[in-house]
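Please keep the model open while reading.

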Amino acid sequence: MRVDECGIWLVSDCGGGIFLRLYDEAGAVLAEMELPAAPRSLLLSGGRAWADLGGLVVSLSPEGETSETRVSARYQRLVRDAEGGLHTVAAADGANHVSPLGGGEGFTTGSGFVASGLGDSYLYLAKSDGIYVLDEKGGERLLICYEDCMINPKKLLGFEALSEGRFLCSGPGGQYILRPASPDEIGQKTELIRRSLQIRRISTRASRRSTRAVKNTKSESSTTPPKQAASQTRACG
């Protein structure tokens, strides 16, 4: 589901087919088109909704006009740059090749997860060490450094910019929000001192003391019965 000034764009499986529809706030259908299969993703650009069907990208306008764009080369995903242009992203020898939809010169960037851009960020690239901003030629600028933030997002299965500086990440453990934090949000750091006790040595000492106490008790108890017996004999006499 996507939302813009035109309304609510929704892909639904009604049993009789899969449809891309545009709804108004009251739930009325403003435009629709039937899809041959469930789309891999849905993007909004130029006042239209674009559904990626894998090799075929279709679009629907608020007036009900449709279009089709076929992509012969294999690609992983469809992304939208900050200016509204659409691009395919394909893996290329441990890197990513970003090509404009419909043809044109693209660029190759580092390995990672390329995601749609937003605001002043043309595109985003999530790498193993942080989040980068890509420019129109594929140049990288570090935005979030994982090491500086002391975080480890591990493997990313999905990555999307919700707003400038806020990202929705998907991984094996589920979804989470990634955003930069100011120092006052993190709070003052406190140094913790770790101390360990040698439990085995303490246990040995306690065992020795317990043994000595038992010996003293046995020594005292062995001298008591004769005294008691002698006292009882004198009483009887």
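Glycine 54 takes a positive phi near 80 degrees in the hairpin of β6 and β7, which has 3 residues between the strands. Strands here are DSSP runs of E, at least two residues long; helices are runs of H or I with at least four residues, and both are numbered from the N terminus. β6 and β7 pair in the antiparallel sense over 4 bridges. Pairing requires at least two DSSP bridges between two strands. In this pair, alanine 49 stands opposite leucine 60 of β7.

The next hairpin joins β7 and β8, with 5 residues between the strands. There, glycine 64 has a positive phi near 90 degrees. β8 covers residues 66–70 and pairs with β7 in the antiparallel sense over 5 bridges. Serine 59 has serine 67 in β8 as its bridge partner.

## Basis of the model

The model is predicted: local features need pLDDT of at least 70, side-chain atom pairs count only at pLDDT 80 or more, and totals for chains, interfaces and linings use all residues. Residues are numbered from 1 along each chain as its sequence is written, and side-chain values use heavy atoms, with hydrogens and water left out.

## Strand β7, enclosed

β7 is largely enclosed by the rest of the structure, because 5 of its 5 residues are buried. Buried means under 20% relative accessible area; exposed means over 50%, and partly exposed lies in between (1.4 Å probe, protein chains only). In a regular strand the side chains alternate between the two faces of the sheet. Both faces of β7 are covered. Leu56, Val58 and Leu60 are buried on one side, and Val57 and Ser59 on the other.

Which strand holds alanine 51? Alanine 51 lies in β6. Alanine 51 counts as buried because its relative accessibility is 0%. Leaving aside neighbours within four places in sequence, alanine 51 is in contact with Pro39, Ser41, Leu42, Leu56, Val57 and Val58. Contact means heavy atoms within 4.5 Å.

## The nonpolar cores

How many residues does the largest nonpolar core have? It has 15, and those with the most contacts inside it are Trp9, Leu20 and Val58. Such a core is a set of buried Ala, Val, Leu, Ile, Met, Phe, Trp, Tyr and Cys residues joined through side-chain atoms within 4.5 Å. The elements that give two or more residues to this core are β3 (18–23), β4 (29–35), β5 (41–45), β6 (48–52) and β7 (56–60). Apart from this core lies another, of 14 residues, among them Ala126, Val133, Ala161 and Phe167.

Leucine 20 touches Leu10, Val11, Ala31, Glu32, Met33, Leu35, Leu42, Ala49 and Leu60, not counting residues up to four places away in sequence. Alanine 51 and leucine 20 are 31 residues apart in sequence. In space, they are 8.4 Å apart, C-alpha to C-alpha.

## Sheet β9 to β12

An open sheet of 4 strands runs in the order β9-β10-β11-β12, with antiparallel pairing. Its edge strands, β9 (77–80) and β12 (107–109), each pair on one side only. Neighbouring strands are turned by 35 degrees against each other on average, direction ignored. Angles of this kind are taken between axes, which are lines fitted to C-alpha atoms (for helices over the stretch in contact); they run from 0 to 180 degrees between N-to-C directions. β9 and β10 pair in the antiparallel sense over 4 bridges. Arginine 77 stands opposite valine 89 in β10.

Threonine 88 sits in β10, residues 86–92. Is threonine 88 buried or exposed? Threonine 88 is buried, because its relative accessible area is 9%. Beyond neighbours within four places in sequence, threonine 88 is in contact with Val71, Tyr75, Arg77, Leu78, His97, Val98, Ser99 and Leu101.

## Sheet β13 to β16

Another open sheet of 4 strands has the order β13-β14-β15-β16, with antiparallel pairing. The edge strands are β13 (113–118) and β16 (140–145), and each pairs on one side only. The twist averages 30 degrees from one strand to the next. β13 and β14 (residues 121–126) run antiparallel, joined by 5 bridges. Valine 114 stands opposite leucine 125 in β14.

## Whole chain

The chain's secondary structure comes to 3 helices and 19 strands. Of its 237 residues, 34% are buried. Among contacts with a separation of 6 or more, 30% join residues 24 or more positions apart.
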